[in-house]
Amino acid sequence: MINTLTIRRPDDWHLHFRDGEIMRGVVPYTARQFGRAIVMPNLSPPVTTAAQAEEYRGRILAAVPQGAAFTPLMICYLTDTTDPDDLARGAEQGVFTAAKLYPANATTNSAHGVSDVTRIYPVLARMEAEGIVLCVHGEVTDRDVDVFDREAEFIERHLRAIAENFPQLKVVFEHITTADAATFVESCGPNVAATITPQHLHINRNAMLVGGIQPHNYCLPVAKRERHRLALRAAATSGSPKFFLGTDSAPHLRSAKETACGCAGIFNAPFALESYLTVFDEEGALDLFEGFASLHGPAFYGLPVNADTITLERGETQVPESLMLVGEEIVPWHAGQVLGWRMVS
Ligand code: DOR
Ligand code: ZN
């Protein structure tokens, strides 16, 4: 039995830091585990220009604890009016690592997102030419589409066309939640990949809706049926370089989750690696964890792997019921549970 795992330091290819005091509270959790992270731009107002991204990056770096070598990777929030020149310049200058497509009103702070994907086709063409990665929140927002079908429908209405029209464009289908998405990504060429969150590997929709409504298991896209969770576990532990780690850690204060209209998002940064590793252990795939967590992401983004390593060992991690952030409670993913692995260095 493997009891200790030393791997290249992982990166988080999708998370939310927010801004201001909350950001200063959450950045240290990610900097403890990860070398780099793609920082989502859905602030209010969103990060739409290279100048805004540079300023935001500065604020994040100021929140990194002394001694931690953590690099935030910034991304551009695409709107109907994104200027392809500013985006290309920002990428050229090393400010933007990627750009994010939020369909308008799909999730938190996405009101300024793209109203019709074909409107940004000129921007996608430029991104394809410049080698800029497209990160996609893959859910349709049409009122007539059931919330559990919104991801699968996005593939048919938009993503298949994007992949066909821009074959050289690198596309990351973010936080996939369905067997349909895993199958689609596998069926595409090497320019289409996906991130998978820890929560979608652990829970199905029952965890949100059975025995009373469970707001801390609510995120977007919502967890689906058990067969989808099993397909995601198979994809994550398949060894395929098309699937890699992206936590979608999305902090919301307890008061914003436990209310009549609760926010979507799960704050999983504090014990993200322990959470993922539990899944790989259960699947008998510990030997494939380094690829998923530390190698496939850099390879897709064309970046070097991290030089240093981390070590996790079998042992108890007691996850607190809640953490204090800006003088208010925040409930972490796995609150009150004991995980079977812990990060030791
Ligand atoms: O659950 C989610 N929370 N999904 C998203 O897409 C956005 C995120 C957030 O920013 O809170
Ligand atoms: Zn997200």
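Which strands does helix α6 (residues 179–187) lie across? I started my notebook with that one, and helix α6 lies across β7, β8 and β9, running at about 145° to β8. For angles like this, axes are lines fitted to C-alpha atoms, for helices over the stretch in contact, and the angles run from 0 to 180 degrees between N-to-C directions. Contact means heavy atoms within 4.5 Å. Helices (H or I, at least four residues) and strands (E, at least two) are DSSP runs, numbered from the N terminus.

**Ground rules**

I am looking at a predicted model, where local features need pLDDT of at least 70 and side-chain atom pairs count only at pLDDT 80 or more, while totals for chains, interfaces and linings use all residues. Residues are numbered from 1 along each chain as its sequence is written, chains are lettered from A and ligands numbered from 1 in the order in which they are written, and side-chain values use heavy atoms, with hydrogens and water left out.

**Entry: the sheet**

I traced an open sheet of eight strands in the order β2-β3-β4-β5-β6-β7-β8-β9, with parallel pairing. Two strands pair if DSSP finds at least two bridges between them. At the edges I found β2 and β9, each with a single partner strand, so one side of each has no neighbour in the sheet. From one strand to the next, the twist averages 30°.

I then zoomed in on strand β7 (residues 171–173) and strand β8 (residues 192–196), which pair in the parallel sense over three bridges. Val 172 has Ala 193 in β8 as its bridge partner. Helix α3 (residues 84–92) also packs on the sheet: it touches β4 and β5, and its direction makes about 145° with that of β5.

I checked accessibility next: His 14 and Asp 248 are both buried. Buried means under 20% relative accessible area, exposed over 50%, and partly exposed in between (1.4 Å probe, protein chains only).

**Entry: aromatic rings**

Rings of Phe, Tyr and Trp (its six-membered ring) pair if their centres lie within 6.5 Å; planes under 30 degrees apart count as stacked, over 60 as edge-to-face and the rest as tilted. By this rule I get twelve aromatic pairs. Why is the pair of Tyr 77 and Tyr 102 tilted? The ring centres are 5.4 Å apart and the planes stand at 40°, so the pair falls in the tilted class. Tyr 77 is in strand β4 (residues 71–77) and Tyr 102 in the loop between β5 (96–101) and α4 (121–130), so to speak distant parts of the chain, 25 residues apart. Tyr 77 is buried at 0% relative accessibility, and Tyr 102 is buried at 1%.

Phe 280 and Phe 289 gave me an edge-to-face pair, 5.1 Å centre to centre with 70° between the planes. Phe 280 is buried at 0% relative accessibility, and Phe 289 is buried with a relative accessible area of 0%.

I also noted one aromatic cluster, formed by Trp 13, Phe 244, Phe 300 and Tyr 301. The charged end of Lys 170 sits over the ring of Phe 300, 5.2 Å from its centre. A charge sits over a ring if NZ of Lys or CZ of Arg is within 6 Å of the ring centre and within 35 degrees of the ring normal. Arg 205 has its charged end over the ring of Phe 148, 4.5 Å from the centre.

Most residues other than glycine have a negative phi, and most peptide bonds are trans. I looked up the exceptions here.

- The peptide bond from Ser 44 to Pro 45 is cis, with omega near 0°, and Pro 45 lies in the loop between β3 (36–39) and α2 (50–63).
- Arg 18 has a positive phi, near 65°, and is buried at 15% relative accessibility.
- Asn 105 has a positive phi, near 70°, and is exposed at 58% relative accessible area.
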